[in-house]
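Look first at how the parts of this protein meet, and then at the positions that its database record marks.

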Amino acid sequence: MKTKKINVNKKYYSDLVNKLGYIIRKGGLVAFPTETVYGLGGNALSSKAAKKIYKAKGRPSDNPLIVHVADKSQVKNFVKNINDLEHKLMDLYWPGPLTIVFEKKDIIPYETSGGLDTVAIRCPDNNATRALIRAAKVPLAGPSANISTRPSPTYAKSVLNDLDGRINAVIDNGDSKIGLESTIVAVNEGKIIIYRPGAITQEMLSELAPTSLDTALKKSNEKPKAPGMKYRHYAPSAPLEIYVGNENKVEESILEVSNENDKIYGFFVSKETAEKLPKNSIVFCWGKRSDKKSMARNLFKGLLFFNSKKIDQIIGEGTDNKGIGMAIMNRLKKASGQHIVFVEK
Ligand code: TXA
Ligand code: MG
């Protein structure tokens, strides 16, 4: 199959969207842009399409797919009930990077929901993608558009590197604004449980209701509520080690590593640290140390950057757990296989 790359700014784009919507409705796969990461879209109401998605990604079929809707009004067609807090969350954060887990209606096949009685739904903040959903006249099942275990794609080229020839088309709308996958929550008895941290932070959600973290986010031996959280993820091709703790000490430790000659290192660091590294170092700078949004946006891009370099080891500078820091560190822990070095004061 030849995968078409379609630019959102193209003149005949709206005609194309109708064609792509038709392809989806007929069981094809189209990768779509969102504010978080690019998704691999298929008809969420079709078990055949869901199976195709798992196959294209090389993903285990017990790992459910997020269902993407064009607006809040579509949700009632797919879920058994919506409570007040869920309404509030959708009104406040949709379109946007928040996924809510509901009890599903039978119209959502078990292949889409990974065998669960629940369905995870979100409304992405991207006009082209919402137009695509409307044109398809069905909701879009959409996992991140990468091969399973690899970093999630935040630009169209990265989708093609993984899925060229396996999908009908990718819609190119430039870089994803956020760069990390959506926050996943469930509402239970007036409380919000966070299954996966993202750009809608625990601090933001706590303003609406009491929140807690799925215990698997705190203890690694617990079974996560979001099945996908148990799998190996985001792995770059070289081993990755992340330094966190006191900023100055972290910087010092990374600079010490840069003076060692035992291996070829790649550095995934802040601007402050990058400026002090030896001139010939292999560096991907994720932004100013205080700018966590820039770090989030560059996280997967940075990990993928090192795949094209001949290096033995990546050394990364992490951040604290506040705000979006929790989501960043969640992804970095997985990407590094828990190789986190705490540098004390
Ligand atoms: O930002 C995002 O959420 C992106 C874009 C494309 O929308 N999508 C995404 O999908 O990250 P994926 O498939 O890479 O991750 C979906 C996560 C998995 O960990 C999965 O287990 C969880 O959502 N999930 C899906 N349905 C669920 C359900 N019913 N209950 C609990 N977790 C669920
Ligand atoms: Mg994913």
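Domain 1 and domain 2 bury about 1,000 Å² between them, and 63% of that area is on carbon and sulfur atoms. Buried area here is the accessible area (1.4 Å probe) that two parts lose on being put together, summed over both. On the domain 1 side, Pro151, Tyr155 and Leu180 lose the most area to domain 2, together 48% of what that side buries.

This is a predicted model, in which local features need pLDDT of at least 70 and side-chain atom pairs count only at pLDDT 80 or more, while totals for chains, interfaces and linings use all residues. Residues are numbered from 1 along each chain as its sequence is written, and side-chain values use heavy atoms, with hydrogens and water left out.

Domain 1 spans 4–181 and domain 2 spans 240–343, with bounds from an automatic or database domain assignment. Their C-alpha centres lie 30 Å apart. The contact (heavy atoms within 4.5 Å) takes 13 residues from domain 1 and 11 residues from domain 2.

Two salt bridges are counted between the domains, a salt bridge being a side-chain nitrogen of Lys or Arg within 4 Å of a carboxyl oxygen of Asp or Glu. Aspartate 175 forms a salt bridge with lysine 301, where the closest N and O atoms are 2.9 Å apart.

The unreviewed UniProt entry annotates Thr36, His68, Arg122 and Ser182 as "binding site"; such annotations may be inferred rather than shown by experiment. Although these positions are spread over 147 residues of sequence, they cluster in space, with a largest C-alpha distance of 12.6 Å.

Notes
Chains are lettered from A and ligands numbered from 1 in the order in which they are written.
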